[in-house]
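Student: I have a structure open and have not looked at it before. Can we go through it together?
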Amino acid sequence: MILSIAAMSGWGKSYACQAITEMNTEVHSDAASYDHVVVLDFKDEYRGLCSKQHGPAPFQHWIAGPRERDHFRRKHWRELISENGNVVIARHQEAVDVDEWREICAIVAEVARPMGDVLIVIDEAHFVAPQSGKVPEPLVGLATTGRGEGASSAWVTQRPAKFEEDIWSLANARLLGAFDSDSDQNKIAGPIEYPKEVHIPGGESLGRLPDDLLADGDAVSLRKNSHVADDGTERVTDSEWVYSDDDGTRERFWSSSRWSPQCDHVGSPGKRIEVGL
């Protein structure tokens, strides 16, 4: 499967991705779906999958920094994945720039693809496979021939408009939240077979929606619930999504009704800016 997971910033996208990633490990099944799950973590947001402090820790955590960039060869990445089963590979925020990270992701994808049934999760995919610029061939291959080798991939982005068109169009399943950008809404309109207006944030009234996309009988756009913590950070407590795939499955749902992850999500939500309201 090739799955696109996309929503605007602050919609709970990384929480959704972490919950789905955990769901495909032995934490939820004695017979895990995949031999290996590899998360390519652009902002080091998936540490909750790796720490016993935050849950059962089905993943090992590895930071890709100067040593990995300059000295790791394919055999080293292969050994890392083979020996650890499930791995979150996080980008060193200061030492590895976007171009260098893209090359690391390409090497990891190339190495992991033939290692049995593998799920590769690419966070902030618009940086790894940008619409403007050359995408490394191993990443294109992951989305084209990789499926025939038993490799599945999930491409996670908050900016579909900046994500590589060919890979976006190849996804045979989509999990989409809301978008406040017209260009992002236009991009998602291509592969979906329902009104894109459902992905306007905020529960806006819409003229009409298919029955399976109605919210409690009403035609409104996607909604979310959030609260502001004592430290001033705004945290999403629940958000609505639409899942659709090429087999005709389609459903609108609240994240709290669908996912019950055992690992805490510990990514930073960002600090609120007061504007005097």
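Student: Is F42 buried or exposed?
Tutor: This is a predicted model, and in it F42 is buried, with a relative accessible area of 6%. The cut-off for buried is under 20%.

Student: How many aromatic pairs are there?
Tutor: The count comes to seven aromatic pairs. F42 and F127 form one that is stacked, with 4.8 Å centre to centre and 20° between the planes.

Student: Where do F42 and F127 lie?
Tutor: F42 lies in the loop between β2 (36-41) and β3 (60-64), and F127 is in helix α5 (residues 125-128). The pair therefore ties together parts that are 85 residues apart in sequence.

Student: And what does F127 count as, at its relative accessibility?
Tutor: F127 counts as partly exposed, at 31% relative accessibility.

Student: Why is the pair of W155 and F163 tilted?
Tutor: Their ring planes are at 40°, so the pair counts as tilted, with the centres 5.8 Å apart. W155 is buried at a relative accessible area of 1%, and F163 is buried with a value of 1%.

Student: Which residues form an aromatic cluster?
Tutor: W62, F72 and W77 form one aromatic cluster.

Student: Changing topic. Where is L176?
Tutor: L176 is in strand β7, which covers residues 173-176. Its relative accessible area is 0%, so L176 is buried.

Student: What does L176 touch?
Tutor: Leaving out residues up to four places away in sequence, L176 touches several residues, among them A6, W168, I188, Y194 and W241.

Student: How far is L176 from K13?
Tutor: In space, L176 and K13 are 9.0 Å apart, C-alpha to C-alpha, and in sequence they are 163 residues apart.

Student: Now the whole chain. How many helices and strands?
Tutor: The protein chain has nine helices and ten strands.

Student: What is its radius of gyration?
Tutor: The protein chain has 19 Å, which agrees with a compact globule of 277 residues, since that would be near 19 Å. The C-alpha atoms fill a box of roughly 55 × 45 × 40 Å along the principal axes.

Student: What share of the residues is buried?
Tutor: Buried residues make up 50% of the 277 residues. Among contacts with a separation of 6 or more, 69% are between residues 24 or more positions apart.

Notes. Residues numbered from 1 in each chain as written. Predicted model: local features only at pLDDT ≥ 70, side-chain atom pairs only at ≥ 80, totals over all residues. Heavy atoms only, no water. Helix = DSSP H or I, 4+ residues; strand = E, 2+ residues; numbered from the N terminus. Rg over C-alpha atoms; globule rule 2.2 N^0.38 Å. Buried < 20%, exposed > 50% of the residue type's maximum accessible area, 1.4 Å probe, protein only. Contact = heavy atoms within 4.5 Å. Phe/Tyr/Trp six-rings, centres within 6.5 Å; stacked < 30°, edge-to-face > 60°.
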